[in-house]
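Open the model in your viewer and keep the selection panel at hand. The stops below go one selection at a time.

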Amino acid sequence: MSCWATIQDYGLRAIGIGERLLPRDDFTLCQQFTLIGSGMIWNIYFGLFALLMGFFLATALAMGKASSSAIFRKPAEWFIFLFRGSPLFIQFFFAYFLFLNLKSVSPFFDPFTAAWLGALIVLFFNTAAYSGEIFYGALLSIPKGDIEAADAYGMSGWSRFKRVIWPTMLRLAWPAYTNEAIFLFHATALVFFSGFPAWQQRGDALYYASYFADKTFNPFIPYPILAFYFILLTLVVIGTFGLVNARLNRHLPQNMRRKIRLRPNLIR
């Protein structure tokens with residue numbers, strides 16, 4: 001089988017398109033690159049949707065934690081503390097156990113026990129908590145002069161938040177938020193180890209990498225391929241967030257613009 005035929009058969013297998021059966025023997029390098037790359041579709045799905053939804057919840061959590069009212073401040077503080085204080089790996093298992101029990105109560109919760117929804121919710125809450133703390137720190141770092149200038153122009157309420165507070169908060173938080181986004185995409189690999197089952201054996205990239213490692217008894221080919229794909233994904237995230245960062249800081253002199261630097265979280 002040629003490499004092009006392999007790509008046609010297995011390139012979209014992770015989402016149910018193409019050959020159903022996995023190769024059983026005579027594994028080629030093309031098969032490993034193709035199937036692991038196919039599984040990356042799920043990793044991108046988890047990371048992208050969790051990041052998009054978590055961004056808005058993180059903004060709400062930051063505003064809630066900065067609120068003078070205990071009604072908004074306390075729930076935001078406890079939410080952030082809960083998801084930042086416990087390991088993500090444990091959150092997956094607790095969530096799966098919870099959804100499994102709710103499934104026995106109502107069929108509505110059936111999809112929540114699958115990885116495509118249940119694991120996504122856990123990643124969504126986790127990144128929202130970490131991002132919320134980043135945004136909260138940025139809120140506290142907003143120069144008082146900016147807010148006073150907004151008041152002098154007669155801005156208040158939503159107008160001041162939309163035009164001054166929120167853009168400034170994003171500009172200050174964006175480099176740290178970029179590292180959180182990178183970590184989130186890396187954390188999608190933990191879905192394979194969680195209790196959430198893959199949909200019809202169509203797993204993520206680590207699912208296929210582990211399959212080849214088990215069949216060939218050689219982990220030194222599939223796992224470096226997996227790392228290669230994640231490195232490419234990291235470069236895409238850095239490039240995309242770098243463009244947004246440049247947009248947020250376009251009004252500043254060149255020497256005052258905050259640059260994005262990759263700072264991996266070794267322990268979390």
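Throughout, buried means under 20% relative accessible area, exposed means over 50%, and partly exposed is in between, with a 1.4 Å probe and protein chains only. This is a predicted model, in which local features need pLDDT of at least 70 and side-chain atom pairs count only at pLDDT 80 or more, while totals for chains, interfaces and linings use all residues. Residues are numbered from 1 along each chain as its sequence is written, and side-chain values use heavy atoms, with hydrogens and water left out.

**Aromatic pairs**

Select F83 and F125. Rings of Phe, Tyr and Trp (its six-membered ring) pair if their centres lie within 6.5 Å; planes under 30 degrees apart count as stacked, over 60 as edge-to-face and the rest as tilted. The structure holds 35 such pairs. F83 and F125 make a tilted one, at 5.6 Å centre to centre with 50° between the planes. F83 sits in helix α3 (residues 70-85) and F125 in helix α5 (residues 115-140), so the pair ties together parts 42 residues apart in sequence. Helices here are DSSP runs (H or I, at least four residues), numbered from the N terminus. F83 is buried at 13% relative accessibility, whereas F125 is partly exposed at 27%.

Next, select F99 and F112. This pair is also tilted, at 5.3 Å centre to centre and 45° between the planes. F99 belongs to helix α4 (residues 88-105) and F112 to the loop between α4 and α5, 13 residues apart. Both are buried.

Then select F55, F56, F135, W166, W174, Y177 and F241, which form one aromatic cluster.

**N43**

Which helix holds N43? Select helix α2 (residues 29-65) to find N43 there. N43 is buried, with a relative accessible area of 0%. Its side chain reaches the backbone nitrogen of A205 at 3.0 Å. Show contacts (heavy atoms within 4.5 Å): leaving out residues up to four places away in sequence, N43 touches F185, T188, A189, D204, A205 and F230.

**Helix α8**

A205 leads on to helix α8 (residues 205-216). Nine of the 12 residues are buried, among them Y207, Y208, Y211 and F212. The buried residues of α8 pack against α2 and α9 (222-248). Finish at F217, which follows α8 and has a positive phi, near 55°.

Conventions:
Helix = DSSP H or I, 4+ residues; strand = E, 2+ residues; numbered from the N terminus. Polar contact = N/O pair within 3.5 Å; in protein donor to acceptor, adjacent residues only side chain to side chain. Expected span 1.5 Å × (residues − 1).
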